[in-house]
Amino acid sequence: MSQVSDVAVPDAEVAPPPPVRGTSLLRRSLRLWRTRIGVALVGALVLLAIIGPYVAPYGPSTPVGAPNANPGGKAVLGTDYLGQDVLSRLLYGGRSILVMAVLATALGLIAGVAIGLVAAYSRNALDDTLMRGMDVIMAFPQIMLALIAVAIIGPHAWVIVVAIALTTAPRIARVARGAAQPVVERDFIACSEAMGVPRWRILFGELLPNTLGPLMVEASLRMTYSIAVIAALAFLGLAPDPNGANWGTMIQQNQILLAVQPWGAVAPIIAIALLTIGTGLIGDGIARTAAGIDRARGEA
């Protein structure tokens with residue numbers, strides 16, 4: 001008859017619970033139709049931005065006919081107020097918005113996650129200092145900081161990216177801190193500390209994998225916000241290239257011609273709307289999957 005061993009297992013040998021992997025969450029969220037539709041919309045527009053300049057019938061600033069010409073002939077979507085092909089400018093105009101939005105979101109995500117994890121793990125005056133600093137930034141209207149930065153330094157692409165990242169980081173830091181605080185109190189974190197694991201490995205090897213769900217949702221929301229702000233700045237005439245092909249610039253230049261030739265403004269509006277709807281659907285799908293909503297329908 002076997003006997004139960006009286007030897008206690010040291011705390012240091014207790015394995016931590018497996019972290020929630022972002023790839024697993026993405027796979028499960030793709031079972032929802034809202035996520036699939038969002039991925040299809042975003043994927044189509046990203047593909048359009050990548051290959052658009054190579055398939056555009058004309059250059060972005062090439063006059064092809066009379067100004068404000070209706071669709072037909074050489075211009076499938078007509079021409080704008082300078083006689084430039086609307087379709088060609090639409091195909092060229094998505095790349096700058098997407099590149100700046102991705103860079104701004106990535107920078108804000110990196111900074112926000114680092115600040116949020118450090119604040120949650122420190123549990124002392126450093127936590128209060130970091131969060132109060134984030135509160136100060138969040139107290140200002142988001143687009144106002146971008147406008148101030150562009151007005152002082154100039155409408156350079158890197159200025160717009162950094163300004164948007166600066167307004168994005170505090171919100172991501174809040175989400176990261178809130179998601180990491182319960183994890184910090186778990187036994188496997190104390191076990192790692194007792195084993196002498198470096199703090200940076202605890203932050204990014206233990207805390208980060210267990211907070212990926214909320215962070216992925218927040219990243220998709222911040223991506224939507226970045227696209228809207230970049231387009232808004234271009235609409236206000238603060239694009240890096242005021243005369244270049246940019247969806248926001250196209251709306252600003254052709255808004256007064258909606259009754260004459262609407263496609264110069266309507267086409268980029270539709271593109272921006274589909275892009276923001278797509279990223280929103282992806283974020284909503286990930287959030288529902290992480291929360292267990294619609295799981296039965298998604299797995300059917």
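Rings of Phe, Tyr and Trp (its six-membered ring) are taken to pair if their centres lie within 6.5 Å, with planes under 30 degrees apart counted as stacked, over 60 as edge-to-face and the rest as tilted. By this criterion, the structure holds zero aromatic pairs. The model is predicted: local features need pLDDT of at least 70 and side-chain atom pairs count only at pLDDT 80 or more, whereas totals for chains, interfaces and linings use all residues. Residues are numbered from 1 along each chain as its sequence is written, and side-chain values use heavy atoms, with hydrogens and water left out.

Arg36 lies over the face of Trp33 at 4.7 Å from the ring centre, and the charged end of Arg123 sits over the ring of Tyr121, 5.7 Å from its centre.

Arg123 belongs to the loop between α3 and α4 (125-138), where helices are DSSP runs (H or I, at least four residues) numbered from the N terminus. Its phi is positive, near 55 degrees, in a residue other than glycine. Most residues other than glycine have a negative phi. Asn68, in the loop between α2 (33-55) and α3, likewise has a positive phi, of about 60 degrees. Both residues are partly exposed, a class lying between buried (under 20% relative accessible area) and exposed (over 50%; 1.4 Å probe, protein chains only): the value is 44% for Arg123 and 22% for Asn68.

Arg95 lies in helix α3 (residues 86-122) and is partly exposed, with a relative accessible area of 33%. Leaving aside neighbours within four places in sequence, Arg95 is in contact (heavy atoms within 4.5 Å) with Ala49, Ile50, Pro53 and Tyr54. The C-alpha atoms of Arg95 and Ala49 are separated by 4.8 Å, although these residues are 46 apart along the chain. A polar atom of the Arg95 side chain lies 3.4 Å from the backbone oxygen of Ala49, and the backbone oxygen of Ile50 lies 2.8 Å from a polar atom of that side chain.

Among the helices, α1 (22-29), α2, α3, α9 (212-235) and α11 (263-291) each supply at least two residues of the lining of the largest pocket. The greatest contribution comes from α9, with six residues.

Technical notes: Polar contact = N/O pair within 3.5 Å; in protein donor to acceptor, adjacent residues only side chain to side chain. Lys NZ or Arg CZ within 6 Å of the ring centre and 35° of its normal.
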